[in-house]
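Have a look along with me.

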Number of protein chains: 2
Amino acid sequence: MKKHNFYAGPSILSQQVINNTIDAIRDFAGTGLSVLEISHRSKEFTAVIEEAKQLFIELLDIPEGYDVLFLGGGASTQFCMVPYNLLKTKAAYVDSGTWANKAIKEAKLFGEVDVVASSKADNYVWYPKDFTVPTDVDYLHLTTNNTIFGTELRRDLDVPVRMVADMSSDIFSRPVDVSKYDLIYGGAQKNLAPAGVNFVIVKKDALGKVDRAIPTMLNYQTHVDKGSMFNTPPVLPIYTALETLRWYKELGGVKRLKELDEEKAACLYDAIDNSRMFVGTTHVEDRSIMNVCFVMKPEYKELEKDFVEFATARGIMGIKGHRSVGGFRASLYNALPLESVKFLVQAMHDFENK
Amino acid sequence: MKKHNFYAGPSILSQQVINNTIDAIRDFAGTGLSVLEISHRSKEFTAVIEEAKQLFIELLDIPEGYDVLFLGGGASTQFCMVPYNLLKTKAAYVDSGTWANKAIKEAKLFGEVDVVASSKADNYVWYPKDFTVPTDVDYLHLTTNNTIFGTELRRDLDVPVRMVADMSSDIFSRPVDVSKYDLIYGGAQKNLAPAGVNFVIVKKDALGKVDRAIPTMLNYQTHVDKGSMFNTPPVLPIYTALETLRWYKELGGVKRLKELDEEKAACLYDAIDNSRMFVGTTHVEDRSIMNVCFVMKPEYKELEKDFVEFATARGIMGIKGHRSVGGFRASLYNALPLESVKFLVQAMHDFENK
């Protein structure tokens, strides 16, 4: 039975990317060795990391003065690396969800944190807006898509300070005006690669401004200086990321990905809005294109478990909602085909008619 | 042409391990999904991480009171995590090579560091011994095998303080008396897995003794409390590590691996010692079983480049020595068959006779 992968992350990769990864595990770039056992300093792998970086620059139209890093650890590691490197005295954070909240907790270890807006009191069902950013902060930190709660910013704010953004779950789903950010980071296990690598897009002249001593591996400058090769990087996840980036370029880049993503999201949100049984959990204007959260209406609440079982029996995987929200979450990352969304919508109809 | 993989790391994995990894990338544990795109919270993957932990405990005879963690980042990240978590006021470090030196540099950010012994003045050609460890230090840090210089401790010291050891490149090459250590760590990309995961064996009651605030991801307690699943772990590298651990158990465990490793090392060191052209670079009593460093004798020095080319043409990969030593380095990790060592020895004979 064909499986439809709606997991929130690690999550679906394109079959082409998986097949090319398997080919490289059998024989990497004609070396006769597996990409799992090749030196990261071999010319074949240094070419991989260089091409991945160039494709980031090309696909996201990253301006001069920025570098792209591929680092081990997850976005959770970035929660402390960002303030370690960039927080001189005070930073502004928007509390838009669980991950934003975790980033705030780490920043407080390094300086003053001004939480300029929060939707926590409403269990994060909307994305904070119309807030004022003090001009005396070192940066404004945003989580542009809230994987757990299904809300998304989906634009680049105009604020009087530099921005830092966690784009773990919406990178490559729209064009981004990188020039407004000092740093953009994310775990790769949603729209890019298997788990085990972070991407970091960093404005080089934003570094070196703090006085504290930074451990070598936590210092972005280390990795800028060494082209992400100060130590052994996570080779296989980076290789798979390259295959995804090549595929994105073939598809037509982020503008095309945005169209495809919006078409998929519209298909599912329309089904939810026209359903007598299902209902969305977030404010309509803040709906995430990547993570669609919905529940059963109160009168059908006791059927939620049944629907998960009904869907699972048809090969629909990973739609159980996060425990903070309940109900269902369907993650519609770039590699998920529209066909899978239609298949889920059909399952929703069939369940309603049962 | 068959390739013989002598890379220092990332390095050779057994073909069985590679094949099983490919199978899991095609269809992981009968889920119909790839291990590259499965949720780390799925029951199938939580079973992987649990089995890997249990095999660590079984193979290394790890006593009660310890935990085994699988963390992102490399051993270089551990260089700062160790003092962040364990250095209260002063720690003793043995400076046995490049990586030991890097660990010392990070520890100095957190407290006083007493370098109790160093072979740096002799370019690390011997392993420091007969040193005195002060009793007032929080721990003694050792790098048990020096990947770059080809020296190895190969035993568990009797010292009056708790030990911490970087065993990146000799883990699973001999039985270890874990009870003498507060913490043993390493990058997995030598004797365990592809790059992208660290193993950490930690005595749980050694934690929580420092006063400083530790960022969440750098706090071992976080990962002990969450079973290495506080955030998304590097799924594929952990899966491949499990396959290696299963293979080690099939082979007969670390006692058997030790015999096999010593047989391989003896084969190559004998060839070096009986050669008129090649000579080892380290003191004989400190020779590493894992990384064999050798050069051409002074009168043949100009032939070193030729030998690398000669060997490469026969499919012998990765024997160029590190720039700190020059000449050649053959890494004989667990997955390298004796046949490959014999093949290298034959190439050395053939080159000498040419």
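**Ground rules.** This is a predicted model, where local features need pLDDT of at least 70, side-chain atom pairs count only at pLDDT 80 or more, and totals for chains, interfaces and linings use all residues. Residues are numbered from 1 along each chain as its sequence is written, while chains are lettered from A and ligands numbered from 1 in the order in which they are written.

**Domains.** I looked up chain A and found domain 1 (15-251) and domain 2 (253-352); such bounds come from an automatic or database domain assignment. Their C-alpha centres are 27 Å apart. I then checked contacts (C-beta atoms, placed from the backbone, within 7 Å): 26 residues of domain 1 of chain A meet 24 residues of domain 2 of chain A. On the domain 1 side, α2 (43-60), β6 (145-146), β7 (151-152) and α6 (235-251) of chain A each give two or more residues. Helices (H or I, at least four residues) and strands (E, at least two) are DSSP runs, numbered from the N terminus. The largest share, three residues, comes from α6(A).

**Chain pair.** I noted 50 residues from chain A and 50 residues from chain B in the contact. On the chain A side, α1 (15-26), α3 (75-86), α4 (98-107) and α6 each supply at least two residues.

**Symmetry.** I found that a rotation of 180° with 0.0 Å of shift along its axis superposes chain A on chain B (RMSD 0.0 Å), by least squares on the C-alpha atoms of residues with pLDDT of at least 70 in both. That is the relation of a two-fold axis. Of the contact residues of chain A, 100% recur in chain B.

How values were computed: Two residues are in contact if their C-beta atoms, placed from the backbone, lie within 7 Å.
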